[in-house]
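Keep the sequence and the model side by side.

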Amino acid sequence: MPRSLLGKIVFFLASSFATTLFLPSGAVEAVDLAFDRTVLEKAVVEHVLDNGLRILILPRPEVPVVSLVTWADVGGADDPKGLTGMAHMFEHMAFKGTSTIGSRDIVRERELMAREDAIFAAIQAERAKGPRADPAVLASLTADLERASAEAYQLVEPSAFANLLQREGGTGLNAFTSRDQTAYIVSLPANKIELWMAMESERFLDPVLREMYKEREVVAEERRMTVENRPSGKLFEDFIATAFKAHPYGQPLIGHMSDIQNYSRAAAMEVFQRAYGPGNLILSIVGDVDPARVIALAKKYWGRLPARPVPGRLTTVEPEQLGERRVIIEDRAQPTLLIGWHVPAGTHPDTPAIEALTDILGQGRTSRLHRRLVRDLKAAVSVSAFTGFPGTKYPSLAVVYAMPAPGSTNASCEAVIHEEIARLQNEPLTNEDLEKVKARAMAGFLRGLRSNMGLAQQLASYQQLWGDWRELFRELDRINAVTPADVQRVARTYFTARNRTVAMLETIATPAASSPARLVATPDAAGATAGAPTAPSTPSAMASPTGTGPAAAAATPAAASAPASAIPEVQPSTAPTTTAAGSQPSPATTAIASEPTQEKQP
């Protein structure tokens, strides 16, 4: 029987990947879905230690290397009020070492760190006086803290943890924090796995949060660069804050500036104690390894970690939106448009159809919005659509992003976007169009299985989000099951006027000493007002982390590793987190500040 276009494309990709995936040569002939996934699935070994640590192992012995992922079920959405951004801050601190790695004199260093903490406690007590706080006292205490931090730093071996792994052949050493998870990743020669087991377990058994107050200033500067001094960062922050009134997805991933400036070592340790127990971690290991030896090493090193209670899921539910919400930021920057619609979590049955809709709407040069806005009307220089933003663990947003061309406006681009949404609601996709969408989704998914690191992250992500890593191998079935009627149904269900939030950056001609965000409230369907005025944006607050260079993205629910450097940095993700079906948005989305993943280079 002749193959469909979908079958031909995916068959070709799977045939190309068969050796890489260790599939029998005849497996790709089985079905149009490309390969017998059970072969790969059956190769995965799962083991849970007595303390609750879950280990996923996939042997791939062709090359003597191994990719190693420590995946924590904690992200920015889990940050408590007053400590926004702390999940990201702890990710930074996890690279500072242990009692035995990173210190020239741990006893003396602990004494100096205690002195730092005492001084900062005095600063917090003075700040708590509010308007009655004495500026002279604060200035004196701040100078004392700087001196104490400088003295403690003299006993630090900078980047000792990262340097040791890199000297032993480690590549891609990195970490990232998203709204839903935090991950630590590296690839090593296969014969160094015991070294990694010893070091990685040690930093979660005996973390020493040295350089706490110096690193806090690094994070504060990240916020200044990526939000306070970047109009698109301000727009993004107000966009999600307007879209999410209750759920923590609405708070900035990097944290509010006032929260960052009040981080303490004790607060960071509270996050560690709550979120980094072994029952809240997943080790995902893919490469040239013997599962029996890996399990034995895990018992030896990770078995030392005491069991701790596993945090539950967030119980806050975003209420149904009853009317369109709008926010406008005025700045001298280029106009920018964001439109978001509330959609279910990534594990919801409607997600593959929503992904198909955003693909046909705004992913790539053949998408409907690119053809109309960029190619034909020349009304935009860039346009993209994606879903699962800013996370996929909980209900989130499907988003369309556009940058109007010179002479065009946000309003004219918005009108075309709404026309194309209406078209999807009223005219079913042709089978041919949907087949192309599925082929792209499947191709992207399969590419994510090519590398050891891609597979390791995929396995960990599906275990966290779905509760079963085997769901990774059901993804092609979910993609293939989407019908034109499904796409039309989700367009009508979710992409409605009352369910959307619109954010615009409008260009102003003259500079202003302060350019506060202006929230334009609109009546909701119940007659109430959706939204409320926002406070002016101050020039020294921090926002979502980004950095100075793009991180290499893997086809996984989070960005992959980036080249290591000597100085820890937070890197911007190249695209929003991959959604359940493994699709990723166009690179045009990089202009939307640094969400949703923050990567750090040790």
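What follows starts with confidence and then turns to packing.

This is a predicted model, in which local features need pLDDT of at least 70 and side-chain atom pairs count only at pLDDT 80 or more, while totals for chains, interfaces and linings use all residues. Residues are numbered from 1 along each chain as its sequence is written, and side-chain values use heavy atoms, with hydrogens and water left out.

Take confidence to begin with. pLDDT is the predictor's confidence in each residue, from 0 to 100. The protein has a mean pLDDT of 83, and 79% of its residues reach 70 or more. Residues 513-594 stay under 50. The model still has 261 contacts for them beyond four places in sequence (contact means heavy atoms within 4.5 Å). Residues 596-602 are also below 50 in pLDDT. That stretch has 68 contacts in the model beyond near neighbours in sequence.

Now look at helix 8 (residues 212-228) and helix 9 (residues 231-243). Helices are DSSP runs of H or I with at least four residues, strands are runs of E with at least two, and both are numbered from the N terminus. The axes of helix 8 and helix 9 are 6 Å apart, at an angle of about 90 degrees. Axes are lines fitted to C-alpha atoms, for helices over the stretch in contact, and angles run from 0 to 180 degrees between N-to-C directions. Helix 8 is therefore roughly perpendicular to helix 9. Angles under 35 degrees count as roughly parallel, over 145 as roughly antiparallel, 65 to 115 as roughly perpendicular and the rest as oblique. R223, T226, V227 and E228 of helix 8 meet G233, K234 and E237 of helix 9. These contact residues divide into 1 nonpolar, 2 polar and 4 charged. Nonpolar covers Ala, Val, Leu, Ile, Met, Phe, Trp, Tyr, Cys and Pro; charged covers Asp, Glu, Lys and Arg; the others, Gly among them, are polar.

Next, go to helix 13 (residues 351-362) and helix 15 (residues 410-426). Their axes come within 11 Å and cross at roughly 130 degrees, so the two helices are oblique to each other. L357, I360 and L361 in helix 13 meet E420, I421 and L424 in helix 15.

Finish at L337, in strand 8 (residues 336-343). Is L337 buried or exposed? L337 counts as buried because its relative accessibility is 0% (buried means under 20% relative accessible area, exposed over 50%, partly exposed in between, with a 1.4 Å probe and protein chains only). Beyond four places in sequence, its contacts include V400, Y401, C413, I417 and M504.
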